[in-house]
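Let's take a friendly walk through a protein model, one piece at a time. Have the sequence and the 3D view ready as you read.

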Amino acid sequence: MKEHKHNFSKLRHVATTYYKETNCCTVVAVAVAANIGFGKAYHAMKREGRKDRRGAYFAQYKTALSKLGYSLERRDDVFMGKTLSTAKRLAPKVGTFLLHTRGHVTCVRDGEMVDWAADNSSRKRIISIHQVIKK
């Protein structure tokens, strides 16, 4: 298995310094889920219609991940609590998951949340969970 090379502060640094990006949680989530760099994820999302400094739609990052060799499977059976704060503690130690909240997407990979929410106790409610599966 490929070593995980992501931490949120590095991804945010690349986003703000080189791409002048904000509101890029989906790009960060795609980068972490596919274990690729921010730039590759940024361009994959741009090809699917994501506008700079804007959020993205589910269909856009689902298609981007598909073209990168991954599929998304809805996992209502995986319980990580009701909020991102709880999910950080209860996340499975194996597997990659996208946690959807209102206006935000967080990636949890092998029990580690790679997102701004990992550094605070976010009370954002989880709406749905999708597992990222290598095709």
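Predicted model: local features only at pLDDT ≥ 70, side-chain atom pairs only at ≥ 80, totals over all residues.

You will find R53 in the loop that links α3 and α4. Its backbone deserves a look too: phi of R53 is near 55 degrees, which is positive even though the residue is not glycine. Most residues other than glycine have a negative phi.

N23 is another such case, with a positive phi near 50 degrees in a residue other than glycine. N23 sits in the loop between α1 and α2. Is N23 buried or exposed? Its relative accessibility is 53%, and exposed means over 50%, so N23 counts as exposed. A glycine also has a positive phi: just after α3, G49 takes a value of about 105 degrees.

## Where α2 meets α3

Now look at helix α2, residues 25-34, and helix α3, residues 38-47. Their axes come within 8 Å and cross at roughly 120 degrees. The two helices are therefore oblique to each other, and their crossing is right-handed.

Which residues make the contact? From α2 come T26, V27, V28, V30 and A31, while α3 brings F38, A41, Y42 and M45. Sorted by class, the contact has eight nonpolar residues, one polar residue and no charged ones.

## The buried side of α3

In α3, the buried residues are F38, G39, A41, Y42, A44 and M45. These buried residues pack against α1, α2 and α4. As you trace the helix, keep in mind that an α-helix has 3.6 residues a turn, so residues three or four places apart point the same way.

Leaving aside its neighbours within four places in sequence, F38 is in contact with L11, V14, A15, Y19, E21, C24, V27, V28 and A31.

How many residues are in the largest nonpolar core? It has 30, and those with the most contacts inside it are F38, L65 and L98. At least two residues of this core come from each of α1 (8-18), α2, α3, α4 (58-67), β1 (70-74) and β3 (104-109). The largest share, nine residues, is supplied by α2.

There is also a second, separate core, made of 13 residues. Among its members are V78, M80, A87 and L99.

Conventions. Residues numbered from 1 in each chain as written. Heavy atoms only, no water. Axes fitted to C-alpha atoms, helices over the stretch in contact; angles between N-to-C directions. Helix = DSSP H or I, 4+ residues; strand = E, 2+ residues; numbered from the N terminus. Parallel < 35°, antiparallel > 145°, perpendicular 65-115°, else oblique. Left-handed = near helix turned anticlockwise from the far one by under 90°. Contact = heavy atoms within 4.5 Å. Nonpolar A, V, L, I, M, F, W, Y, C, P; charged D, E, K, R; others polar. Core = buried A, V, L, I, M, F, W, Y, C linked by side-chain atoms within 4.5 Å. Buried < 20%, exposed > 50% of the residue type's maximum accessible area, 1.4 Å probe, protein only.
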